[in-house]
Amino acid sequence: MKLDNKNIVLKTENLSIGYQSKKAQNIVASKIQLSIEKGKLVTVLGKNGIGKSTLLRTISKVQKPLIGTVFINQKNINEISNKELSTALSLVLTERLPESQITVFELVALGRQPYTNWIDTLSEKDLNKINWAIEQTEINHLKEKFFYELSDGQLQRVLIARALAQDTDLIILDEPTAHLDLHHTIKIFSLLKKLVNETSKTIILSSHEVNLSIQFADEIILFTDEKIHTGSPLKLVEIGAFDYLFPKEIVSFNRNLKQFIINKK
């Protein structure tokens with residue numbers, strides 16, 4: 001992933017992630033070297049508890065790195081104010097939204113908060129960005145609905161629209177398909193791929209959908225017990241990075257099919 005720095009939206013140097021207590025550090029992963037280009041769909045894969053969400057929280061400044069540095073658009077994230085960061089990076093988490101009477105349009109409009117004035121008046125530019133985001137995610141028919149009336153799949157599109165309205169170079173999503181069936185999971189992956197192709201934004205998401213990630217992603221960050229692999233899906237298939245991701249008595253990776261298959265007894 002060594003590229004011209006002008007095309008790099010996210011970079012890490014000697015990054016160690018985890019949790020700090022009064023007595024000790026709990027290191028989840030260390031020596032993470034990432035260099036992610038603009039206009040890419042990147043998935044973060046690995047088994048439960050291995051560090052996917054911790055990585056996303058660290059690179060989005062939700063939690064501090066134990067060691068090392070994160071750069072967004074060539075700027076040290078520790079030297080970027082939260083307001084400036086909100087115009088460079090948007091974050092979609094898996095937490096449920098608090099109950100309120102907010103409509104879909106109003107929820108998407110919250111993406112413009114980094115740009116609005118102190119009384120939150122929406123300018124013509126703000127409205128154009130909001131409507132553009134709604135059109136891109138194909139949720140125009142949901143605009144007047146309250147967000148609690150939506151299905152999980154519809155709500156995920158609305159949250160992606162809010163991130164688009166924020167108009168950042170980098171969008172980070174933590175398990176955006178966690179509560180979706182296969183049909184809606186594929187639709188979300190297809191939507192994210194379309195957005196990357198049409199907007200040149202970089203989208204990074206954590207997921208358990210290995211097979212879909214191999215089909216849709218431009219780059220994969222793969223957490224295994226031994227190390228973190230980074231590269232294109234084809235590269236990771238060729239070096240056997242997926243071969244030992246899960247116990248072989250349950251599933252095995254077929255390099256020819258480029259997917260996991262269930263092992264029949």
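This is a predicted model: local features need pLDDT of at least 70, side-chain atom pairs count only at pLDDT 80 or more; totals for chains, interfaces and linings use all residues.

Me: Which residues of α6 are buried?

Reply: A general point comes first: an α-helix has 3.6 residues a turn, so residues three or four places apart point the same way. In α6 the buried residues are Thr185, Ile188, Phe189, Leu191, Leu192, Lys193, Leu195 and Val196.

Me: How many residues does α6 have, and what is its reach from first C-alpha to last?

Reply: Helix α6 covers residues 182–199, which is 18 residues. From its first C-alpha to its last it reaches 26 Å, close to the 26 Å expected at 1.5 Å a residue.

Me: What angle do α5 and α6 make where they pack?

Reply: Two packed helices are described by the angle between their axes and the distance between the axes. For α5 and α6 the angle is about 15 degrees, and the axes are 10 Å apart. An angle under 35 degrees counts as roughly parallel, and α5 and α6 are therefore roughly parallel to each other. Their crossing is right-handed.

Me: Which residues make that contact between α5 and α6?

Reply: From α5 come Gly153, Gln156, Arg157, Ile160 and Leu164, which meet His184, Lys187, Ile188, Leu191, Leu192 and Leu195 of α6. Sorted by class, this contact of α5 with α6 has six nonpolar, three polar and two charged residues.

Me: At what angle do α4 and α5 cross?

Reply: The axes of α4 and α5 cross at roughly 140 degrees and come within 8 Å. That angle makes α4 oblique to α5, since only angles over 145 degrees count as roughly antiparallel. The crossing of α4 and α5 is right-handed. Here Lys129, Ile130, Trp132, Ala133 and Gln136 of α4 meet Ala161, Leu164 and Ala165 of α5. The residues of this contact of α4 with α5 divide into six nonpolar, one polar and one charged.

Me: How many residues of helix α1 are buried?

Reply: Six of the eight residues in α1 (residues 52–59) are buried, so the helix is largely enclosed by the rest of the structure. The buried ones are Lys52, Thr54, Leu55, Leu56, Thr58 and Ile59.

Me: Now the backbone. What should I expect of phi?

Reply: Most residues other than glycine have a negative phi, and most peptide bonds are trans. Just after α1, lysine 61 has a positive phi of about 70 degrees. α6 is followed by serine 200, whose phi is also positive, near 65 degrees. Lysine 31 is not a glycine either, and its phi is positive at about 55 degrees.

Me: Are serine 200 and lysine 31 buried or exposed?

Reply: Serine 200 is in the loop between α6 and β9, and its relative accessible area of 52% makes it exposed. Lysine 31 belongs to strand β2 (residues 25–32) and is exposed too, with a relative accessible area of 66%.

Me: Which residues does serine 16 contact, beyond its neighbours within four places in sequence?

Reply: Serine 16 sits in strand β1 (residues 8–20). Leaving those neighbours aside, its contacts are Ala29, Ser30, Lys31, Pro65, Leu66 and Ile67. Serine 16 has a relative accessible area of 5% and is buried.

Me: Where is threonine 103, and is it buried or exposed?

Reply: Threonine 103 is placed in the loop between β7 (89–92) and α3 (104–109). Its relative accessibility is 13%, which counts as buried. Apart from neighbours within four places in sequence, threonine 103 is in contact with Lys143, Glu144, Lys145 and Phe146.

Notes
Residues are numbered from 1 along each chain as its sequence is written. Side-chain values use heavy atoms; hydrogens and water are left out. Helices (H or I, at least four residues) and strands (E, at least two) are DSSP runs, numbered from the N terminus. The expected span of a helix is 1.5 Å times one less than its number of residues. Buried means under 20% relative accessible area, exposed over 50%, partly exposed in between (1.4 Å probe, protein chains only). Axes are lines fitted to C-alpha atoms, for helices over the stretch in contact, and angles run from 0 to 180 degrees between N-to-C directions. Angles under 35 degrees count as roughly parallel, over 145 as roughly antiparallel, 65 to 115 as roughly perpendicular and the rest as oblique. A crossing is left-handed if the near helix is turned anticlockwise from the far one by less than a right angle, and right-handed if clockwise. Contact means heavy atoms within 4.5 Å. Ala, Val, Leu, Ile, Met, Phe, Trp, Tyr, Cys and Pro count as nonpolar, Asp, Glu, Lys and Arg as charged, and the others, Gly among them, as polar.
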